[in-house]
Amino acid sequence: MEDLQKANFWKRVSAAMFDGILLGILVIGVALLLSTVFGYDTHADSLQAAYDRYGEQYGVSFDLAASDYEAMEAEERAQYDAALAALSEDGEVNYLYGMLLNLTLLIVTFSVLISFLLLEFAVPLLFGNGQTLGKKVFGIGVMRADGIKLSPVLLFARTVLGKYTVETMIPVLTVIMIYFGVMGFGGTLIILVLLAVQLLLLVLTAARTPIHDKLAQTVTVDIASQMIFDTPEAKEAWRAAKQASADGAAEN
């Protein structure tokens with residue numbers, strides 16, 4: 001039938017969880033491979049050795065929380081500040097810190113991108129109708145909002161622009177920046193705003209449309225009952241045949 005047969009919300013959630021688990025496993029595997037290729041552990045060990053060296057020299061530990069720092073006596077705090085200042089002036093330490101930040105961004109970016117391209121683009125192209133492995137298991141798929149089959153270009157935009165860039169990488173890279181001290185409250189605000197937008201779309205839109213479907217103008221539907229047309233012309237031909245059949249029945 002032509003009427004929109006929206007996929008059951010809990011089927012969508014279940015499919016998303018299934019795909020999320022597979023995506024997470026693949027991301028970790030690719031990240032480990034890239035980490036080995038780029039020698040991430042070697043740089044991390046060198047940086048940790050530098051921290052240990054300065055900590056031993058000044059008699060302090062850099063592994064402490066803000067509350068631990070506030071609880072220090074004035075003399076201990078001065079010693080810690082002196083160690084931190086010496087550490088920050090070390091050119092090798094700054095190089096290693098910057099290298100770790102860059103490698104982290106590089107490895108995370110490409111491991112997530114490769115995983116999305118495989119599971120959220122290549123697999124749906126293979127199955128058709130925008131079906132990931134999770135959607136295939138739960139009998140749901142994706143089409144354009146006007147009932148037309150997804151083109152590879154639109155599927156790519158939905159995957160890379162919506163799911164990968166906006167919904168995944170903006171929050172992930174922001175968290176990394178916060179962890180490395182590059183961003184502060186502004187990063188937290190970005191994540192909260194993005195989360196709020198996603199929740200509002202899921203709650204307020206009639207089809208419970210997430211960001212990636214809103215950007216691509218697509219909708220998740222029940223494959224068993226939803227009619228999906230290959231082209232706009234095929235849709236119009238079906239409508240014309242249906243109208244002709246209705247007219248013929250009325251005349252009889």
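Axes here are lines fitted to C-alpha atoms, for helices over the stretch in contact, and angles run from 0 to 180 degrees between N-to-C directions. The model is predicted, with local features needing pLDDT of at least 70 and side-chain atom pairs counting only at pLDDT 80 or more, while totals for chains, interfaces and linings use all residues. Residues are numbered from 1 along each chain as its sequence is written, and side-chain values use heavy atoms, with hydrogens and water left out.

**View 1. Helices α1 and α5 at their crossing.** The axes of helix α1 (residues 9-38) and α5 come within 8 Å and cross at roughly 135°, where helices are DSSP runs of H or I of at least four residues, numbered from the N terminus. The two are therefore oblique to each other, a class left over once angles under 35 degrees (roughly parallel), over 145 (roughly antiparallel) and 65 to 115 (roughly perpendicular) are set aside. α1 passes α5 in a right-handed crossing, meaning that the near helix is turned clockwise from the far one by less than a right angle.

**View 2. Helices α5 and α7 in contact.** The axes of α5 and helix α7 (residues 152-179) cross at roughly 150° and come within 10 Å, which makes α5 roughly antiparallel to α7. This crossing of α5 and α7 is also right-handed.

**View 3. The kink in α5.** Centred on Leu117, α5 has a kink of about 30°, the bend being the angle between axes fitted to the seven residues ending at a residue and the seven starting there. Just after α5, Gly128 takes a positive phi of about 85°.
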